[in-house]
Amino acid sequence: YDQRDGFIWMDGGLVPWRDAKVHVLTHALHYGSGVFEGARIYEGEVFASRRHAERLRASAEILGFEVPYSAEQLEQAFRDVIKAQKLDEGYIRPVAWRGPEEMGVAAKHSKIHVAVAVWDWGSYFPMEERLKGIRLCFAKYRRPDPATAPSTAKAAGLYMICTIEKHRSMDLGYNDALMLDWRGYVAEATGANIFFVKDGQIHTPDADCFLNGITRQTLIAQAKARGITVHERRIQPEEMAGFEQCFLTGSAAEVTPVSEIGEYRFTVGEITKSLMEEYSALARPSTRPDKLRHLAA
Ligand code: PMP
């Protein structure tokens, strides 16, 4: 990814893509003191741009540092880099981290750096598999107790177990892995939240020890606007035997049907299909339904 033409926004302005570099003594590389965002660009606009800008700032605050740009300034940086890259559809990655000014666990005086990059990124899961429903295995690692890690932040360090599990699932021939939480309840996939459908109602785990995704919150609002009951609750893995449909949500994954998790099987049913189609209409400015416009801010 580093040898490309174009520009990346870094520390206040656009720099040539190849020059957007960091030093090896960057604190974040050693101690995980970085936070990031991931959003999609549809028709040249970032979906839920303000919420992503605010979440970057909130994640940093949880890690004990302040992003030196306001949400408005970050959103302007998003627009500047999208324009510089002439990107109509794709992905945007804002990231903030402690720099190399201080080495050691303590780094109170390190400089806070911020960058925003955009690139072309098609479907997160292969499109044909997405329509049939993707396949998940069970992960070995669990989402940590909030008393063990800052689990509500989108913090780089929390992704160590996600990459391990994603790789393991791919090696076993699956698309992704389902992670349980530290208590053994269903939690989420390695980069997306999870939902189930049973008897026309939606069930999803309480977001009490993992990222309460912006897409998750959008999906819940979409379902409620349609009069579908949504239960946010603790879900035991064995309950999956009684669930009819399953799907993942995430800015990159959008709404992705799931056909298989370990020994459990699901169909790609009407509720999943219609919410998936509605999310895709909502994400694009030109097809956004008026009644859901507030969800795109
Ligand atoms: N959980 C994890 C671990 C993720 O990486 C993501 C993607 N950011 C999500 C959930 C979904 O979050 P969002 O809908 O805000 O993209």
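Figure 1. Secondary structure and overall dimensions of the predicted model. The protein has 7 helices and 16 strands in this predicted model. Secondary structure and overall dimensions of the predicted model. The model shown is predicted. The protein has 7 helices and 16 strands.

**Figure 2. Residues around the ligand.** The shell around the ligand holds 15 residues, of which Gly213, Ile214, Thr215, Gly250 and Ser251 come nearest. Two elements, α6 (214–225) and β14 (245–250), each supply at least two residues of this shell. The largest share, 3 residues, comes from α6. By class, the shell has 8 polar, 5 nonpolar and 2 charged residues.

**Figure 3. Crossing of helices α2 and α3.** Helix α2 covers residues 49–62 and helix α3 covers residues 71–85. Their axes come within 9 Å and cross at roughly 120 degrees. At that angle α2 is oblique to α3, because angles of 65 to 115 degrees count as roughly perpendicular and those over 145 as roughly antiparallel. The crossing of α2 and α3 is right-handed. On the α2 side, the contact is made by Ser49, Arg50, Ala53, Glu54, Leu56 and Arg57. On the α3 side, Ala71, Leu74, Glu75 and Phe78 take part. The contact of α2 with α3 divides by class into 5 nonpolar, 4 charged and 1 polar residues.

**Figure 4. Crossing of helices α6 and α7.** This view returns to α6, which also contributes to the shell around the ligand. Helix α7 covers residues 270–283. The axes of α6 and α7 come within 11 Å and cross at roughly 115 degrees. The two helices are therefore roughly perpendicular to each other. Their crossing is right-handed. Leu219, Gln222 and Ala223 of α6 make the contact with Leu275, Glu278 and Tyr279 of α7. Among the residues of this contact, 4 are nonpolar, 1 is polar and 1 is charged.

Note on methods. Residues are numbered from 1 along each chain as its sequence is written. This is a predicted model: local features need pLDDT of at least 70, side-chain atom pairs count only at pLDDT 80 or more; totals for chains, interfaces and linings use all residues. A residue is near a molecule or strand if its C-beta atom, placed from the backbone, lies within 6 Å of it. Helices (H or I, at least four residues) and strands (E, at least two) are DSSP runs, numbered from the N terminus. Ala, Val, Leu, Ile, Met, Phe, Trp, Tyr, Cys and Pro count as nonpolar, Asp, Glu, Lys and Arg as charged, and the others, Gly among them, as polar. Axes are lines fitted to C-alpha atoms, for helices over the stretch in contact, and angles run from 0 to 180 degrees between N-to-C directions. Angles under 35 degrees count as roughly parallel, over 145 as roughly antiparallel, 65 to 115 as roughly perpendicular and the rest as oblique. A crossing is left-handed if the near helix is turned anticlockwise from the far one by less than a right angle, and right-handed if clockwise. Two residues are in contact if their C-beta atoms, placed from the backbone, lie within 7 Å.
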